[in-house]
Amino acid sequence: MEEQIKALLDRYYEGNTSLEEERRLKELLKQSSGFEEERMMILGLEEMAQNEPSPKAAPRMTSGLGAWQKVAAIVVVFLALGWLFFEQQKRVQEEEAYHQVVEVLALIQQNMEKGTSSMKPLEDIKHLGTTNELFNIKEIKEEEK
Amino acid sequence: MKTFFEAYIWSLRSKLYRMAYLWLKSRDEAEDAVQEALEKAWHQREVLQKMENPTGWMVKVVKNQSLQKLRERQKWVVIEAEDEIPEVPVAETEEVSPAVKLVFRFLRELPEKQQEVFQLREVEGLTYEEIAEYMDISMDQVKVNMFRARKKLQSFLTNQRK
């Protein structure tokens with residue numbers, strides 16, 4: 001193994017090794033008991049390769065929306081606002097109509113009360129249900145005979 | 001379906017972070033530098049999509065952000081050239097193993113380009129072609145810088161044995 005490492009190291013220092021050969025050299029150096037400095041260097045380089053930044057997500061297009069999607073969003077917002085406005089108007093109109101009806105009913109009630117108060121004198125004769133009770137028609141008819 | 005930004009730019013995040021860490025030697029600042037660069041890229045995503053080498057552009061932006069962070073630390077760091085990243089020590093608050101310390105000790109001996117080429121090959125496992133794309137330099141420049149970095153590594157490790 002030592003011979004293999006030496007041969008690879010010579011080629012490595014001359015800059016003649018491929019990536020694959022360099023990987024092989026590093027593996028051999030890690031298994032070897034000699035070449036302490038080289039091994040230490042490789043361990044340091046490997047450790048540096050594991051140094052990672054804290055995980056973060058790539059920025060997304062906040063405007064992942066295309067131009068037409070923006071237009072569609074604006075239209076939806078306007079439609080929603082329009083609908084709310086229309087609903088509000090409808091409610092106001094209904095309330096107005098209700099108040100008008102209440103006013104009219106109040107007026108009718110007032111007039112009805114006037115009517116009943118002028119009928120008060122008839123209260124006294126309300127128990128006389130028939131004309132026979134008011135005038136003795138039978139007796140009058142017999143007298144005529 | 002993933003967008004160009006998610007599939008291409010966001011997927012560079014880990015590698016960019018490790019590059020920023022190489023320059024800043026501080027996890028927090030490296031993360032901030034990358035985040036700021038990604039925000040810039042997000043605003044420029046449509047332009048980036050049409051670029052010939054968006055990866056190279058991203059590396060440059062992260063480097064600029066890292067330089068900015070170093071300028072903010074200017075009390076302690078002397079920046080000699082406008083666009084060169086000065087060598088800074090690992091922050092005391094950073095937990096670093098002896099093996100990583102050894103790597104940093106070696107990297108300190110390399111010029112900036114060699115450091116970057118070395119890191120992209122040895123830490124990220126990129127091909128020479130990919131490294132050329134990342135650094136926006138020619139393949140020949142990658143090979144030359146790689147060769148020099150490895151020669152220095154050889155003598156560095158030999159000195160370590162002594």
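This is a predicted model: local features need pLDDT of at least 70, side-chain atom pairs count only at pLDDT 80 or more; totals for chains, interfaces and linings use all residues.

Reader: Is B:Leu16 buried or exposed?

Author: A residue is called buried if 20 or more other C-beta atoms, placed from the backbone, lie within 10 Å of its own, exposed if 12 or fewer do, and partly exposed in between. B:Leu16 counts as buried because 27 other C-beta atoms lie within 10 Å. Its place is in helix H2 of chain B, where helices are DSSP runs of H or I with at least four residues, numbered from the N terminus.

Reader: Which residues does B:Leu16 touch, not counting residues up to four places away in sequence?

Author: Two residues are in contact if their C-beta atoms, placed from the backbone, lie within 7 Å. By that rule, and leaving out residues up to four places away in sequence, B:Leu16 touches B:Val34, B:Ala37, B:Met58, B:Val59 and B:Val62. With the same exclusion, B:Ala20 touches B:Ala30, B:Ala33, B:Val34, B:Val62 and B:Ser66.

Reader: How many residues does the largest nonpolar core have?

Author: A nonpolar core is a set of buried Ala, Val, Leu, Ile, Met, Phe, Trp, Tyr and Cys residues joined through C-beta atoms within 7 Å. The largest one here has 46 residues, and among those with the most contacts inside it are B:Leu16, B:Ala20 and B:Val103. H2(B) gives the most to this core, with 8 residues.

Reader: Where does phi take a positive value in a residue other than glycine?

Author: One such residue is A:Phe35, whose phi is near 50°, and A:Phe35 lies in the loop between helix H2 (19-31) and helix H3 (36-49) of chain A. A:Phe35 counts as buried because it has 20 C-beta neighbours inside 10 Å. Another is B:Lys25, with phi near 55°, which lies in the loop between H2 and H3 of chain B. B:Lys25 is partly exposed, because 17 other C-beta atoms lie within 10 Å.

Reader: How many residues of chain B are in contact with chain A?

Author: On this count 29 residues of chain B are in contact with 20 residues of chain A. The largest share of the side of chain B that touches chain A, 9 residues, comes from H9(B). That side divides into 14 nonpolar, 6 polar and 9 charged residues, where Ala, Val, Leu, Ile, Met, Phe, Trp, Tyr, Cys and Pro count as nonpolar, Asp, Glu, Lys and Arg as charged, and the others, Gly among them, as polar.

Reader: At what angle do H3(A) and H6(B) pack?

Author: Axes are lines fitted to C-alpha atoms, for helices over the stretch in contact, and angles run from 0 to 180 degrees between N-to-C directions. H3(A) and H6(B) pack at an angle of about 95°, with their axes 7 Å apart. H3(A) is therefore roughly perpendicular to H6(B), since angles of 65 to 115 degrees count as roughly perpendicular, those under 35 as roughly parallel, those over 145 as roughly antiparallel and the rest as oblique. Among the residues that make the contact are A:Met40 and A:Leu45 of H3(A) and B:Ala99 and B:Val103 of H6(B).

Conventions:
Residues are numbered from 1 along each chain as its sequence is written. Chains are lettered from A and ligands numbered from 1 in the order in which they are written. Helices (H or I, at least four residues) and strands (E, at least two) are DSSP runs, numbered from the N terminus.
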